[in-house]
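Please read the points below with the model open beside them.

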Amino acid sequence: MKISLLRRFVVLADDLHFPRAAERLGIPLASLYTSIDKLEAEVGHPLVNREGQTRLTHVGELFLEEARAAVDAAPEPVKTVAAPRGGKAKASKGKGRAPAVKGQPKPYKKRQGR
């Protein structure tokens with residue numbers, strides 16, 4: 001069982017509201033629904049009653065204690081820092097040229113243009 005699924009379940013159990021829990025976690029709502037579905041499939045019982053007002057089932061309440069213990073025992077997730085955004089992409093200038101040496105004519109040219 002993945003710790004990320006357990007973290008999502010604990011936050012949902014605290015809020016008992018799917019959109020608020022998804023916002024608090026910083027994930028899309030569909031991802032939260034999918035995570036809870038996967039967790040319910042692993043446990044083998046429904047954990048959340050979604051009809052009308054969102055509530056935990058009896059199995060969900062029992063599982064919440066175990067989930068909280070597992071989340072508390074697990075190390076904190078590593079937060080990644082986003083790379084800074086770059087500027088505009090520059091157009092390719094072709095193969096490039098050798099640097100010009102002052103006073104020397106360019107190779108394979110009869111006369112030097114300006």
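1. Tyr 33 has a relative accessibility of 32% and therefore counts as partly exposed, whereas Phe 18, at a relative accessible area of 4%, is buried; buried means under 20% relative accessible area, exposed over 50% and partly exposed in between, computed with a 1.4 Å probe on protein chains only. This is a predicted model, in which local features need pLDDT of at least 70 and side-chain atom pairs count only at pLDDT 80 or more, while totals for chains, interfaces and linings use all residues. Residues are numbered from 1 along each chain as its sequence is written, and side-chain values use heavy atoms, with hydrogens and water left out.

2. The whole structure holds two aromatic pairs, a pair being rings of Phe, Tyr or Trp (its six-membered ring) with centres within 6.5 Å, called stacked if the planes are under 30 degrees apart, edge-to-face if over 60 and tilted for the rest. Phe 9 and Phe 63 form a tilted pair, at 5.6 Å centre to centre and 55° between the planes. Because Phe 9 lies in helix α1 (residues 3-15) and Phe 63 in helix α4 (residues 58-73), this pair ties together parts that are 54 residues apart in sequence; helices here are DSSP runs of H or I with at least four residues, strands are runs of E with at least two, and both are numbered from the N terminus. Both Phe 9 and Phe 63 are buried. The rings of Phe 18 and Tyr 33, with centres 4.5 Å apart and planes at 25°, are stacked, and this pair joins helix α2 (residues 18-25) to helix α3 (residues 29-43).

3. The largest nonpolar core has 21 residues, and Phe 9, Leu 32, Ile 36, Leu 39, Val 48 and Phe 63 have the most contacts inside it; such a core is a set of buried Ala, Val, Leu, Ile, Met, Phe, Trp, Tyr and Cys residues joined through side-chain atoms within 4.5 Å. Each of α1, α2, α3 and α4 supplies at least two residues of this core, and the largest share, seven residues, comes from α1.

4. The buried residues of α3 are Leu 32, Ser 35, Ile 36, Leu 39 and Glu 40. Seen down the helix axis, they fall within an arc of 135° (taken from the directions from the axis to the C-beta atoms), so they line one face of α3. The face turned away from this buried side carries the exposed residues Ala 30 and Ala 41. Leaving aside neighbours within four places in sequence, Ile 36 is in contact (heavy atoms within 4.5 Å) with Phe 9, Leu 12, Phe 18, Val 48 and Arg 50.

5. Two backbone angles deserve a look. Leu 16 has a positive phi of about 55° although it is not a glycine, and this residue lies in the loop between α1 and α2. Just after α3, Gly 44 takes a positive phi of about 95°.

6. There are five salt bridges, each a side-chain nitrogen of Lys or Arg within 4 Å of a carboxyl oxygen of Asp or Glu. Asp 14, Asp 15, Arg 24 and Arg 68 are linked in a network of them. Within it, Asp 14 meets Arg 24 at 3.9 Å, N to O, and Arg 68 meets Asp 14 with the closest N and O atoms 2.8 Å apart. Arg 24 also forms a salt bridge with Asp 15, at 2.9 Å.
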